[in-house]
Amino acid sequence: MEPSKTIHYTQIDRLSSRRPFSLMVKPVGGLCNLDCKYCYYSCVGSSHGKMSLEILEEAISKLIQNNDSQEISILWHGGEPMLAGLAFFEKAMEFEEFFTNRKGTGQKVSNSIQTNGTLIDDNWASFFRQNGFFVGLSLDGPKEIHDKFRQDKKGFHSFDKVLRGLEILKNERVEFNTLSTVNSASVGNGPVVYDFLKEMGSKYMQFLPVVAPNDPWGINANDYGRFMIEVFDEWWKNQDAGNYYVQLIDIALANYMGQESGLCQFSPVCGDVPVVESDGMVYACDHFVNRQNFLGSIYDSADSLFYSGRLPVFGIDKFSRLPKRCKFCNHLNLCYGGCPEHRIVPLENDFEINFLCEGYRDFFDYIKPYLKQMSNHINNL
Ligand code: SF4
Ligand code: SF4
């Protein structure tokens, strides 16, 4: 069998040119008011404290000056980014306005923030609405599932505070989506979690598998695949297409139809969203904040940070380090081997394969006939 011929090679070429990029900004590094058991970032960048306004200004200036796309994205992330305080974010909006006006090319900056939601109050919600923020709310499902691993440092549950924050967002008509980890407490609960999120008003749902093979909160590949199939069945049964969006279904459909999925994990190459830590150090991805993927300081030139050296190599590595099993897999065009962070299962004389591989296979096997049906429908519109 030949490896798939329909890889988007243009995406690989793109990495060698001055492509547009987004920036993930960590205003307080990994600092957080919660202590979720499965957090991948709490041990990474928590020691630098809050980002200074000088670093913030330089990051926003670099992003706007060196980006020609009409819409430029900043993703505010943590830890818990809201710990930086409202005044910090108000200053960020001033910088965005100043640098876009100075450039004078009519570009817009879109802001998204990923938050655990426990600190949201009326002032924050009104700030989010006035500045067009898109809020990603971390909510794992109903109380018994959410509270299993999402607790604060004293072991108190967070569900009630998150729901209070969600109600405030809804009252203020702030646009939001939900990000739910799929962990050991989620197993067998796909429909329960999906229906709950719908009931909470989430129109766009992301499900993030917790890959932690040696920890009680980790999920195995088969359970993850089954969970996503359950979610898919519930979505399909309720005829929710067009009204409720499940990221993995959307991405699979885009990839199936030969479009760019827009999510790094399911693209041939990655590295479009470098991260600025609170001390101004820049890395290729927030899942690889380490010496090997260190790009430099935010004060270095944009060329050296974003267009040459480590970042393009990092992005292309996602493709060039695919094991043979992926290259010959009939789901390659949907999966692209997933995120390199999850490629931890050793294979003989080959690169490591994704820990979730079997779950992806099960899920893609299951939904392919439906993808065909949906793609035919879209093509006939
Ligand atoms: S390493 Fe994973 S999370 Fe990071 S950019 Fe690549 S695919 Fe995305
Ligand atoms: S990770 Fe598994 S499902 Fe994905 S492309 Fe590789 S072999 Fe196929």
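Student: Which helix gives the most to the lining of the second largest pocket?
Tutor: We're looking at a predicted model: local features need pLDDT of at least 70, side-chain atom pairs count only at pLDDT 80 or more, and totals for chains, interfaces and linings use all residues. Residues are numbered from 1 along each chain as written, chains are lettered from A and ligands numbered from 1 in written order, and side-chain values use heavy atoms, leaving out hydrogens and water. A pocket is an open set of points on a 1 Å grid over the protein atoms alone, with protein on both sides within 12 Å along at least five of seven lines, and lining residues have an atom within 4 Å of a point. With 4 residues in this lining, the top helix (a DSSP run of H or I, at least four residues) covers residues 310-320 and is α11.

Student: How much space lies in that second largest pocket?
Tutor: Of its 13 lining residues, those closest to the centre are Phe288, Gln292, Asp317, Arg321 and Pro340. The space filled by probe spheres set on the points comes to about 310 Å³.

Student: How many of its lining residues are charged?
Tutor: Asp, Glu, Lys and Arg count as charged. Next to 5 nonpolar and 2 polar residues, the charged ones number 6.

Student: And the largest cavity, what volume does it have?
Tutor: A cavity is where a 1.4 Å probe fits but cannot get out. The model has 1 cavity of 30 Å³ or more. The volume of the largest cavity is about 120 Å³.

Student: Which element gives the most to the lining of the largest cavity?
Tutor: At least two lining residues each come from α12 (324-327), α13 (332-335), β12 (353-354) and α14 (357-379). The lining divides into 8 nonpolar, 4 polar and 2 charged residues. The top contributor, with 4 residues, is α14.

Student: What is the bridge partner of Tyr204 in β7?
Tutor: Strand β6 (residues 204-209) pairs with β7 in the parallel sense over 2 bridges. The partner of Tyr204 is Tyr245.

Definitions and conventions. Pairing = 2+ DSSP bridges.
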